[in-house]
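User: Hi! I'm new to this one. Could you walk me through it?
Analyst: Happy to, let's have a look together.

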Amino acid sequence: MTFSNCKDLHVTFKFYQVFTQNKLCSCVIIAYFPRVSNVQPPAPLLGGSSTMRWPRLQRNYRQNESYDWLKEYRTRYVVGLQIRRTVVSISKRFFTEVPCVGQVLGDSFAEIESLGAPEHFCEDELLSILNSDKRKSLTLKYYAKKILYFLRQQNILRSLKVFLEQPANEQSALEGAVLVDQYCNPLAEVTLENILAQLEDIADKVRKCLRVSNPSHPSQRATTGDCLVVEDFELQRQVICALNTVLYEQLQFTGNECDFYNPLNSYIHQVLLRRTGIPISLSVLYMTLARKLGVVLEPVNFPNHFLLRWCQKQRRSGDIYDYVYIDTFGKGKQLTAKECEYLIGHQVTADYYSAISTSKVLLRMVGNLLNIGKRGEGNEKSYQLLRDSLDLYLTINPDNVQYLLLQARLYFHLGIWPEKVLDILQHIQALDPTQHGAVGYLVQHTLEHIQHKRHPVLPEAKLRSATQHRDVQYSVGLIMKHKRSGYNCVIYGWDPRCTMSQEWITTMRVHQLSNGANQPFYNVLVQDGTCRYAAQENLEPHSAPLEIAHPEVGRYFSEFSDTHYVANEELQARYPEDMTETLGTVGELYRLTPSSLGSEGLPPSVRPNADAKSP
């Protein structure tokens with residue numbers, strides 16, 4: 001059905017179960033009922049009350065346009081089914097290795113694209129998965145989150161490329177910084193409109209401050225959207241003074257000296273939220289606010305400490321001594337060229353005082369994130385930051401051989417996307433033939449990796465009943481506490497004896513344990529987001545089981561069931577006897593009855609027969 005005039009209609013999807021001869025026949029989509037109308041579908045058709053569906057799609061429809069709602073519903077429904085099939089298939093294919101969503105979405109999303117469906121249908125289904133019951137469908141949510149992360153990043157990269165194609169003088173440093181923020185935080189609701197609204201609020205506070213000292217200041221007459229330029233130097237000085245008062249005294253913005261290498265310092269929405277940042281992020285905000293108030297400041301790529309410069313002449317000058325340099329990290333302190341050198345402790349050439357383009361501002365900002373990723377602890381979080389910042393850097397500067405090689409090595413190290421590694425290496429070889437040694441080594445081992453993936457060796461199932469596993473006391477899904485370190489964790493794997501290298505055993509002082517390495521060791525997901533390998537003698541069941549907020553929980557478990565985690569199909573295949581053991585253990589530990597435990601965590605072969613008759 002279609003409606004030609006939707007001005008006074010609800011922008012909401014509803015669905016009704018339609019019965020014919022007491023059997024569910026079909027789903028009928030009914031949308032856009034008049035706001036003041038009592039129109040309802042015929043009562044005999046309804047198999048129950050109406051249910052709201054897909055409320056997030058409201059914003060994608062305009063009230064004054066007509067739509068074929070049946071077609072919209074069918075397309076959304078088919079896309080939803082395909083998305084769920086894709087999510088489930090990724091779990092089965094990538095359980096044993098680091099999931100790189102980009103390399104497995106090709107065929108699945110080619111099928112979705114052939115439907116001609118808008119992207120927001122895909123995103124809406126993924127969000128509906130993520131917003132379902134918090135404790136259930138954990139594996140589905142784990143991969144849905146990865147797919148949504150990937151899809152949003154692809155859209156942001158396209159936006160960044162369009163942004164970079166604009167003339168340099170039309171590129172806004174703030175817009176570029178927001179794109180960097182969005183790419184590194186694709187699941188956060190970060191929008192340029194929201195950032196601009198927050199900055200406009202700050203600019204209004206500055207105008208109020210100016211009104212006290214100079215009611216006739218030009219900024220008082222400017223309206224939102226005006227391109228105000230204050231020419232008079234004294235009036236500019238008043239803006240800078242008021243801006244410092246509002247930012248650093250009223251709003252208490254500061255440079256984050258205590259936690260300088262926290263990536264949050266580089267994300268514009270976090271800088272505004274936490275009111276702290278590093279020189280470059282604070283400079284982008286400061287420069288944008290000054291421009292709103294009529295003062296043009298320019299970014300300076302000063303070594304180790306990003307600065308802004310403010311020209312003291314009516315016309316732009318090439319003399320570095322004709323500028324005042326503003327240290328936004330130091331509460332807006334104004335410096336001479338000589339004082340800038342004192343700031344970093346050594347002399348620099350005049351080139352370092354020059355204004356730089358927006359693309360170079362973004363390269364410096366992304367370079368900071370890249371260095372933080374390289375300094376990381378080698379966990380998934382630091383690898384993700386390294387991957388994201390490399391993607392951004394190479395989008396802005398695609399021919400940087402050093403970072404192309406780093407990207408290839410990173411993917412090779414993580415064992416992901418070998419086909420893309422070969423493409424990167426081919427590009428490096430074309431750019432710089434002198435890299436043939438490093439390129440050749442990586443090509444050889446990447447081809448071996450591809451060959452290995454074609455003939456994978458599946459790990460053997462670990463049976464608790466096997467003689468060599470008789471000392472294993474605990475099972476996957478149990479929530480544990482470390483006796484010495486005190487951390488909470490959940491078991492997702494075990495070995496009858498320590499399987500780590502001798503170097504690891506020595507470093508971790510395993511020989512000091514009463515049973516040394518000759519005891520079961522457990523793979524555990526820890527509350528702090530780390531993965532650890534713990535000795536059996538150091539673990540004990542948690543007295544009050546709680547959820548473990550670890551990003552990898554969904555990779556191994558399908559549900560949190562108050563006292564334990566339920567292993568997903570892939571983990572149960574690896575440890576086929578463990579869930580029965582886990583249910584027995586939690587029943588004894590927490591004195592639960594069989595009915596309260598349920599049978600969801602049991603393999604189908606040992607679940608009670610629902611159709612069995614009572615004796």
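User: How many helices and strands does the protein have?
Analyst: The protein has 20 helices and 16 strands. Helices (H or I, at least four residues) and strands (E, at least two) are DSSP runs, numbered from the N terminus. This is a predicted model, where local features need pLDDT of at least 70, side-chain atom pairs count only at pLDDT 80 or more, and totals for chains, interfaces and linings use all residues. Residues are numbered from 1 along each chain as its sequence is written, and side-chain values use heavy atoms, leaving out hydrogens and water.

User: What share of the residues is buried?
Analyst: Of the 615 residues in the protein, 48% are buried. Buried means under 20% relative accessible area, exposed is over 50%, and partly exposed is in between, with a 1.4 Å probe and protein chains only.

User: And what about nonpolar cores, how many residues has the largest?
Analyst: The largest nonpolar core has 44 residues, and Y286 and L297 have the most contacts inside it. Such a core is a set of buried Ala, Val, Leu, Ile, Met, Phe, Trp, Tyr and Cys residues joined through side-chain atoms within 4.5 Å. The largest share of this core, eight residues, comes from α9.

User: Which residues does Y286 touch?
Analyst: Not counting residues up to four places away in sequence, Y286 touches residues including L243, L247, L297 and I326. Contact here means heavy atoms within 4.5 Å.

User: Switching topic: how do α6 and α7 cross?
Analyst: Helix α6 (residues 192-213) and helix α7 (residues 233-250) have axes that come within 9 Å and cross at roughly 120°. Axes are lines fitted to C-alpha atoms, for helices over the stretch in contact, and angles run from 0 to 180 degrees between N-to-C directions.

User: Are α6 and α7 oblique or roughly parallel, then?
Analyst: α6 and α7 are oblique to each other. Angles under 35 degrees count as roughly parallel, over 145 as roughly antiparallel, 65 to 115 as roughly perpendicular and the rest as oblique.

User: Which residues in α6 meet α7?
Analyst: I202, K205, V206, C209 and L210 do, and their partners in α7 include V239, A242 and L243.

User: How far apart are N301 and Y352?
Analyst: They are 51 residues apart in sequence and 6.3 Å apart in space, C-alpha to C-alpha. N301 is also in contact with Y352.
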